[in-house]
Amino acid sequence: MHLCWLLPCVLGFPLLWTDLAAAGDSSTEMIKQPVGSHWRVKRGWVWNQFFVPEEVNASLHIGRLRSDLDNGNNSFQYKLWGDGAGSLFTIDNRTGDIYTIQKLDREERSLYTLRAQVIDTSTGRAVEPESEFVIRVSDINDNEPKFLDEPYEAIVPEMSPEGTFVIQVTASDDDDPTSGNNARLLYSLLQGQAYFSVEPTTGVIRISSKTDRELQDEYWVIIQAKDMIGQPGALSGTTSVLIKLSDINDNKPIFKESFYRLTVSESAPTGTSIGKIMAYDNDIGENAEMNYSIEEDDSKTFDIITDDETQEGIVILKKKVDFEHQSYYGIRAKVRNRHVDEELLIHHADASTTFIKVQVEDDDEPPVFLLPTYIFEILEGNPLGAFVGTVSATDPDQRKSPVRYSITRSKEFTISDNGTIIVTSPLDREVNAWYNLSVTATERYNIQQISSVPVYVQVLNVNDHAPEFSEYYETYVCENAASGQVIQTISAVDRDESIEDHHFYFILSAEDTNNSSFTIRDNQDNTATISTNRSGFSLQEEPVFSITILIADNGTPSLTSTNTLTIYVCDCDDRGSTQTCGDRKLMLFLGLRVEVIIAIMVFIMVICGFIFLMLALRQQRKQPLFPEKGEDFGENIFRYDDEGGGEEDTEAFDIAALRSTAVMRAGKARRTTSAEIRSLYRQSLQVGPDSALFRKFILEKLEEANNDPGAPPFDSLQTYAFEGLGSSAGSLSSLGSADTDQDENFDYLNELGPRFKRLACMFGSAVQSNN
């Protein structure tokens, strides 16, 4: 039995051929087959592979399976298993022919492995073991190239040289790269040939000519990719590439205006912005940043700074201007880029410049003093109206307005209309050696224009103060002091100011020189020593000595003062020290101070005690107006804030609230009242009830108020604190009313006033109805 593969002629090429052995087993065929580089022989089934073109219509005959045992009597049945069996491939179970059911796509699957077997239908048993074979889908050029990373965008500096790399585009083809040229691509440029080129095999885009961003800042380039290396019938795909040009600093800033006219007020302070200038740069970003500067300005009056946000040049005033001095200025400004690479300096060789004319505007300026400060000198003691000095101010404007002068807050000086300062009160250098004045000049034509200048007046010294002791001296001499003993050293001071150093002369008065128990010696250093002129002093006979000392200065003219020095005789200790006398005096002084402090504290305590006593007495004098509050009945107090109109005033309050009947009140001893109180009582009862208990209550209150010295006047007492101990009407509740309704008489409700009128109508009507 033989089984062979039969290939249809539609394949166009044979994949195997059969060479039957002349002798041997009848079930064995020798199959010649190109597998790699050798031939292979298999017993029974012959393994092989079929090639099927993709995208061919369905029902394509692929090949035929045939067993050499098949004698054509239709007793054999062929079966197919494996990839796509029944869905993509089918077999004629009688003839063994294999067909496609639908189109095949190599890009989806290129290889199918199947198994075949022949069955004897009479026995149902396999004639031969199943054998495996493959079906390969051969490629056709049915896929166009596609670009992978769309969209493409690249950035390249402007003015880049030719051949500069821009970007690489890549396309892919799903066809089999091993099958001819189906997947071999070729790139070409459809748009953008003027400035760019593309390498045909790699897809690399390069600069082909220089570009200028200021002319065009971006380009759209269209690239085409063709398979089959561009041969006829090839498929193609395209993509767009956006190429943006980045800026380089190849343009210098340029002034659009060659002349600017600006104005500035002469009163403008330094730092004032007087105008702006503008240069334009075709570059962008950092390359357009610029710096302005002054190129020609001999006066150094102006400066230019750059506004970083707007890139404008701001002209500012560097020094104050004066219209009367110079009415206009001419300056030249230039502009340069801040950031320029060295290789681009050729584009920035000559900076752009412009001319600026600044016109100074005349303003009404305040007066100007000839000097910034004035210093004058005057001797102390000069008479009133003495001349001190003269200040002068002028109007700098063309109209030259007259000026009026004044001195701010000064009682010692005044100034005339011509600027002369004179004295208005005596000057004493020892009181005030310097005067700081502020002189104001005001234009007469415009009083708003005011200026001031400091004036310093120094009061010069005149020797008008005699020298005096520099301090208060407490001098002691011991009873047993020997003659010639130094007991005190004195010095002097002079309030006058001397050009040279002060020098003082000390002598005793003529009387003390002849009779004194003490002598003085001038030390020639502005000090003098006091010494005893005899020995032996008595504390009991003569405890205190007073000597007169004359002190003269070296001024012109020389002044002399008379000073008295008091010397106390002291009972000194064994060492002859006078310190114990000073300590005793100090202790005596401190003792006196303690006694004074104690006396002051005692006086304060007495005053405080007196105040507390007065407060306590005042509290005791206050008595309650109504002592009945402590009794066994409650009170409702009605208070009215208005004052009564006297005894005849019956409209100030409504005493109907006090109305009550059958009030039981504990009896109190009735006080005797005067005829006047009883008369007032009768008048007040004209608007009140006629209950005896109520009359008694009112009488008692009137008598208490009349006898109470702390009570308010009679006609302003409007406090009623009595409401009775109960009501004959009883409770208005319905509880317990069943037993008493028939015996109850409600006629008294008519007597309770208008507030009980409706109640009286209700119950009164009910009683009449029942009757």
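**Figure 1. The disulfide between Cys-478 and Cys-572.** A disulfide, taken as a pair of cysteine sulfur atoms within 2.5 Å, joins Cys-478 to Cys-572 with an S to S distance of 1.8 Å. The model is predicted: local features need pLDDT of at least 70, side-chain atom pairs count only at pLDDT 80 or more, and totals for chains, interfaces and linings use all residues. Residues are numbered from 1 along each chain as its sequence is written, and side-chain values use heavy atoms, with hydrogens and water left out. A search of the whole structure returns one disulfide. The two cysteines are 94 residues apart and link distant parts of the chain: Cys-478 belongs to strand 39 (residues 475–478), while Cys-572 sits in the loop between strand 45 (560–570) and helix 2 (579–621). Helices (H or I, at least four residues) and strands (E, at least two) are DSSP runs, numbered from the N terminus. The link of Cys-478 and Cys-572 is left-handed, with -95 degrees about the S-S bond. Both Cys-478 and Cys-572 are buried; here buried means under 20% relative accessible area, exposed over 50%, and partly exposed in between (1.4 Å probe, protein chains only). Cys-608 has 36% relative accessibility and therefore counts as partly exposed.

**Figure 2. Surroundings of Ser-451.** Ser-451 is located in strand 37 (residues 450–460). Its relative accessible area is 14%, so Ser-451 is buried. The side chain of Ser-451 reaches the backbone oxygen of Pro-367 at 2.6 Å. Contact means heavy atoms within 4.5 Å. With neighbours within four places in sequence left aside, Ser-451 is in contact with Pro-366, Pro-367, Val-368 and Phe-369, and also with Val-439, Thr-440 and Ala-441.

Figure 3. Asp-428 is placed in the loop between strand 35 and strand 36 (434–443). This residue is partly exposed because its relative accessibility is 25%. Not counting residues up to four places away in sequence, Asp-428 touches Glu-380, Val-459, Asp-464 and His-465. From C-alpha to C-alpha, Asp-428 and Val-459 are 7.4 Å apart in space, and 31 residues apart in sequence. Arg-495 is found in the loop between strand 40 (486–493) and strand 41 (505–508). Arg-495 has a relative accessible area of 53% and so is exposed. Its contacts, leaving aside neighbours within four places in sequence, are Arg-429, Glu-430 and His-465. Arg-495 and Val-431 are separated by 64 residues in sequence and by 9.8 Å in space, C-alpha to C-alpha.

**Figure 4. The open sheet 31-35-34.** Three strands make up this open sheet, in the order 31-35-34 and with antiparallel pairing. Two strands pair if DSSP finds at least two bridges between them. Strand 31 (387–390) and strand 34 (413–415) are the edge strands, each pairing on one side only. On average, neighbouring strands of the sheet are turned by 25 degrees against each other, direction ignored. Axes for such angles are lines fitted to C-alpha atoms, for helices over the stretch in contact, and angles run from 0 to 180 degrees between N-to-C directions. Three bridges connect strand 34 with strand 35 (residues 420–423) in the antiparallel sense. Ile-415 stands opposite Ile-421 of strand 35.

**Figure 5. The open sheet 21-23-26-25.** Four strands in the order 21-23-26-25 form an open sheet with antiparallel pairing. The edges are strand 21 (254–255) and strand 25 (302–306), each of which pairs on one side only. Strand 23 (residues 273–280) and strand 26 (residues 312–317) run antiparallel and are joined by five bridges. Ser-273 stands opposite Ile-316 in strand 26.

**Figure 6. Aromatic pairs.** The whole structure contains 15 aromatic pairs. Rings of Phe, Tyr and Trp (its six-membered ring) pair if their centres lie within 6.5 Å; planes under 30 degrees apart count as stacked, over 60 as edge-to-face and the rest as tilted. Phe-259 and Phe-355 are stacked because their ring centres are 6.0 Å apart and their planes lie at 15 degrees. Phe-259 is in strand 22 (residues 259–265) and Phe-355 in strand 28 (residues 352–361), so this pair ties together parts 96 residues apart in sequence. Phe-259 is partly exposed at 38% relative accessibility, and Phe-355 is partly exposed with a relative accessible area of 28%. Phe-537 and Phe-545 form an edge-to-face pair, 5.6 Å centre to centre with 80 degrees between the planes. Both Phe-537 and Phe-545 are buried. One aromatic cluster is formed by Phe-147, Tyr-152 and Tyr-187.

Technical notes
Polar contact = N/O pair within 3.5 Å; in protein donor to acceptor, adjacent residues only side chain to side chain.
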